[in-house]
Amino acid sequence: MVKMLNKSTGNEGDISRQYKEHTSRKYTYILSGLVLLFVMLIFSISIGSVDIPPMEVVQTLTGHTVSVRWDSIIWNIRLPQVLTAIVAGAGLAVSGVVMQSILRNPLGSPFTLGISNAAAFGAAFAVMVLGTGSTHSTVGDAVVISNPYTTTVVAFAFALAVTAIILAFSRFRGVTPEVMILVGVAMGSLFSAGTMFLQYFADDVQLASMVFWTFGDVSRASWSELALITGITLCTVIYFLLERWKYNAIDAGDETAKGLGVNVEKVRLRGMMCASLVTAIIVAFLGVIGFVGLICPHMARRIIGDDHRFLIIGSMIMGSLLLLCADTAARVLIDPYQLPVAVLTSFLGAPTFIYLILGGRRI
């Protein structure tokens with residue numbers, strides 16, 4: 001009997017040690033990602049049409065004035081753009097990982113659910129019907145959005161409208177998460193058609209304004225827009241972290257989750273609303289940025305697994321890194337011109353997602 005007790009105690013000790021090693025590896029991955037993100041932040045600020053030595057970037061960020069010119073470049077241009085890329089990437093990625101969990105579908109993301117397409121239609125509607133696109137006499141400012149806040153509000157309203165439609169369908173009896181995905185795809189197709197309809201009847205200025213807005217770009221955000229995006233993203237991330245155990249339960253199946261006391265319908269409804277809110281505010285201010293919310297959760301799963309205690313944070317770091325790297329590359333790829341970051345995320349996202357599918361592991 002004593003031997004059996006000792007053996008049982010030893011097994012429990014081995015299991016406890018293995019669990020601690022397992023979780024410590026995940027923490028190591030997350031900390032490594034944060035360090036890499038910080039290094040990439042300094043590198044991204046330092047390069048561009050005017051190169052600034054990394055050490056002098058650090059000195060400037062810590063409050064030491066090295067050069068008045070560099071102070072202006074860093075604080076007024078590059079730092080807001082870099083921080084916007086980090087926050088927007090994290091917001092889109094965390095929205096994607098939550099949508100994939102609560103819908104139990106690896107294709108769930110703001111892009112595939114039609115939220116981005118609806119925002120693009122709202123912006124096109126504002127440009128054409130409300131007249132928010134205009135021209136300037138100079139060649140450099142040939143096309144601008146004359147009233148960006150009106151355009152943003154309308155785009156935000158249409159993005160939330162699609163969310164409301166998808167959630168309305170979810171209230172019908174017997175509607176599965178797969179059906180919700182299909183409804184989102186249908187809504188995306190509908191609003192894409194609506195955008196093309198408006199573009200067909202638009203004049204040159206309106207058409208140019210629509211296309212300009214559709215190109216997602218993090219350089220549009222000022223400190224005030226960055227503060228708003230950061231505040232909403234931070235609040236929703238806190239909510240998602242509080243719900244992390246429920247998302248783990250839903251991953252095991254709706255019936256299993258209900259057996260554990262989880263109100264699956266309520267968790268799904270609230271999760272969709274919060275994820276859509278983050279997506280809507282990001283897309284409304286920055287334009288359509290595809291694939292970040294789709295591929296970053298899958299990339300994070302390959303590294304740290306499916307446990308939402310770590311997956312939520314890991315996906316955010318992955319999204320920030322991806323969007324920041326894409327923005328940095330877009331800034332220097334064809335210098336002195338700057339590509340919209342959405343162009344690179346689409347170019348990189350499609351082959352990366354195909355690789356994840358064909359890589360031999362089920363997503």
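**Rings, burial and backbone angles**

Phe 291 lies in the loop between α11 and α12 (292-304), where helices are DSSP runs of H or I with at least four residues, numbered from the N terminus. This is a predicted model, in which local features need pLDDT of at least 70 and side-chain atom pairs count only at pLDDT 80 or more, while totals for chains, interfaces and linings use all residues. Residues are numbered from 1 along each chain as its sequence is written, and side-chain values use heavy atoms, with hydrogens and water left out.

Me: What makes the phi of Phe 291 worth a remark?
Reply: Phe 291 has a positive phi of about 75 degrees, although it is not a glycine. Most residues other than glycine have a negative phi.

Me: Why is the pair of Phe 121 and Phe 158 called edge-to-face?
Reply: Rings of Phe, Tyr and Trp (its six-membered ring) pair if their centres lie within 6.5 Å, and planes under 30 degrees apart count as stacked, over 60 as edge-to-face and the rest as tilted. The centres of Phe 121 and Phe 158 are 5.1 Å apart and their planes stand at 75 degrees, so the pair is edge-to-face.

Me: Why is Phe 121 called buried, and why does Phe 158 count as partly exposed?
Reply: Buried means under 20% relative accessible area, exposed over 50%, and partly exposed in between (1.4 Å probe, protein chains only). Phe 121 has 14%, so it is buried, whereas Phe 158 has 22%, so it counts as partly exposed.

Me: Why is Arg 104 called partly exposed?
Reply: Arg 104, in the loop between α3 and α4, has a relative accessible area of 44%, and therefore it is partly exposed.

Note on methods
Helices (H or I, at least four residues) and strands (E, at least two) are DSSP runs, numbered from the N terminus.
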